[in-house]
Amino acid sequence: MSAKIPTIDINQVNGKKLAMPILGYGTWQATDKELETAIEAALEAGYRHIDTAHVYDNEKVIGNVLKKWIGAGKIKREDIFLVTKLPPGAMRTAGVPKYLKRSLDLLQVDYVDLYLVHTPFAFKDVEGDLHPLTADGKIDLDLTTDHQAVWKAMEEQVDKGLTKSIGLSNFNITQIQKILDNARIRPASLQIELHAYHQQKELVEFCKKNNIVVTAYSPLGNPGLTTLFTKFGKKVEVPNILKNPTVNQIANKHKKTPAQILLKHIVQNGICAIPKSTNPQRLRENMDLFDFKLDDTDVKALNGLEKGARLLDFTIFDGIKDHPEYPFPELR
């Protein structure tokens with residue numbers, strides 16, 4: 001029997017609210033048969049918020065599963081909160097409708113619930129290559145990024161009914177504020193790396209003040225990053241938050257898993273989380289968050305784990321820091 005996940009309201013248009021499940025299923029670094037099986041298991045378990053992106057190269061797999069479930073009458077389209085993202089190679093006025101149409105075609109739906117600008121920086125739009133490189137092996141940057149023009153094109157997709165809401169991902173406070181200063185439709189959500197070792201408290205507080213719902217990706221850390229960095233010829237040490245003694249002590253206290261404690265710490269703060277797992281048991285465990293509460297002592301201890309440990313700084317792309325909209329100026 002599927003569980004029911006609580007929702008959090010995000011801004012739509014004209015003051016309307018859109019209910020987003022506070023726990024979603026993240027699909028980054030998952031493709032093909034493994035993902036197909038996992039999406040089936042996630043839907044069976046009760047997940048109704050599915051997060052993807054065009055650059056994940058898995059929208060077609062997700063679309064096939066959703067079409068199957070909708071066609072069989074197991075779910076209706078309106079039961080699913082579907083999120084995808086504008087790729088860095090589409091960061092221009094004409095790129096927004098072009099790539100949203102591609103995503104909708106692959107997902108086999110008429111609209112998405114939330115469409116995000118994936119990154120504040122931009123790549124050249126090279127057909128068939130979402131991560132184009134220059135002759136010297138660096139990422140082929142488009143240095144003419146105009147966030148206001150891109151955002152206007154995003155707003156037009158809401159007007160056309162192709163997405164119910166729009167938002168941002170990996171933007172910093174300065175970049176978000178510039179959007180807010182000129183937006184007709186304000187960003188409904190911001191998706192960022194957020195976990196116990198990188199809690200982004202200033203950015204979260206800024207978003208709360210501006211009625212922007214934060215979604216945490218890599219909420220358990222991300223051991224899979226080791227594989228990703230290796231693919232791009234990099235080496236990185238990824239800390240294992242699940243083995244942290246404080247996390248395990250609190251898990252034992254509540255008779256929960258370390259993952260459940262880390263996720264609860266996020267959602268109890270009004271932040272959405274999109275953990276990724278292809279293991280059916282862990283998929284179900286990750287949902288089992290809503291029958292207990294962390295007390296003040298627990299929260300204080302988990303807040304104290306902050307290390308400023310950003311796991312994904314996009315330096316897998318050689319030359320990325322040369323882009324004027326690289327979002328982490330402190331890392332330049």
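Student: In this predicted model, what do the axes of helix α2 (residues 59-71) and helix α3 (residues 95-107) do?

Tutor: They come within 7 Å and cross at roughly 45 degrees.

Student: Why are α2 and α3 called oblique to each other?

Tutor: Set the angle against the classes. Under 35 degrees would count as roughly parallel, and 65 to 115 as roughly perpendicular. The α2 and α3 axes cross at roughly 45 degrees, and the two helices are therefore oblique.

Student: Which residues meet there?

Tutor: From α2 you have E59, K60, I62 and G63, and they meet S103, L106 and L107 of α3.

Student: On to rings. Why is the pair of Y25 and Y47 called edge-to-face?

Tutor: Ring centres have to lie within 6.5 Å to pair, and planes over 60 degrees apart count as edge-to-face. For Y25 and Y47 the centres are 5.9 Å apart and the planes sit at 65 degrees, so edge-to-face it is. The structure holds 7 aromatic pairs.

Student: What makes Y25 and Y47 a link between distant parts of the chain?

Tutor: They're 22 residues apart: Y25 is in strand β3 (residues 25-26), while Y47 is in the loop between α1 and β4 (49-51). Both Y25 and Y47 are buried.

Student: Where else does Y47 turn up?

Tutor: In the largest nonpolar core, which has 92 residues. Y47 is among the members that touch the most others, along with L86, Y115, V117, I176 and L190. Helix α1 (residues 32-45) gives the most to this core, namely 7 residues. There's also a second, separate core of 13 residues, including I139, I274, I316 and I320.

Student: How do you know that the charged end of R77 sits over the ring of Y111?

Tutor: The distance cut-off is 6 Å from the ring centre, with an angle limit of 35 degrees from the ring normal. R77 is listed as sitting over Y111 at 4.0 Å from the ring centre. R102 does likewise over the ring of Y99, at 5.0 Å from its centre.

Student: Why does N170 count as buried?

Tutor: Buried means under 20% relative accessible area. N170 comes in at 5%, so buried is the call. N170 lies in the loop between β7 (166-169) and α5 (173-182), and L190 touches N170 as well as F171 and I176, among others.

Student: What makes the phi of N170 worth a look?

Tutor: Most residues other than glycine have a negative phi. For N170 the value is near 65 degrees, which is positive. S218 also has a positive phi, near 50 degrees. S218 lies in the loop between β9 (213-217) and α7 (225-231), and at 9% relative accessibility S218 counts as buried.

Student: Why is helix α9 (residues 258-267) called largely enclosed?

Tutor: Because 9 of its 10 residues are buried.

Key
Residues numbered from 1 in each chain as written. Predicted model: local features only at pLDDT ≥ 70, side-chain atom pairs only at ≥ 80, totals over all residues. Heavy atoms only, no water. Core = buried A, V, L, I, M, F, W, Y, C linked by side-chain atoms within 4.5 Å. Buried < 20%, exposed > 50% of the residue type's maximum accessible area, 1.4 Å probe, protein only. Helix = DSSP H or I, 4+ residues; strand = E, 2+ residues; numbered from the N terminus. Contact = heavy atoms within 4.5 Å. Phe/Tyr/Trp six-rings, centres within 6.5 Å; stacked < 30°, edge-to-face > 60°. Axes fitted to C-alpha atoms, helices over the stretch in contact; angles between N-to-C directions. Parallel < 35°, antiparallel > 145°, perpendicular 65-115°, else oblique. Lists of a residue's contacts leave out its neighbours within four places in sequence.
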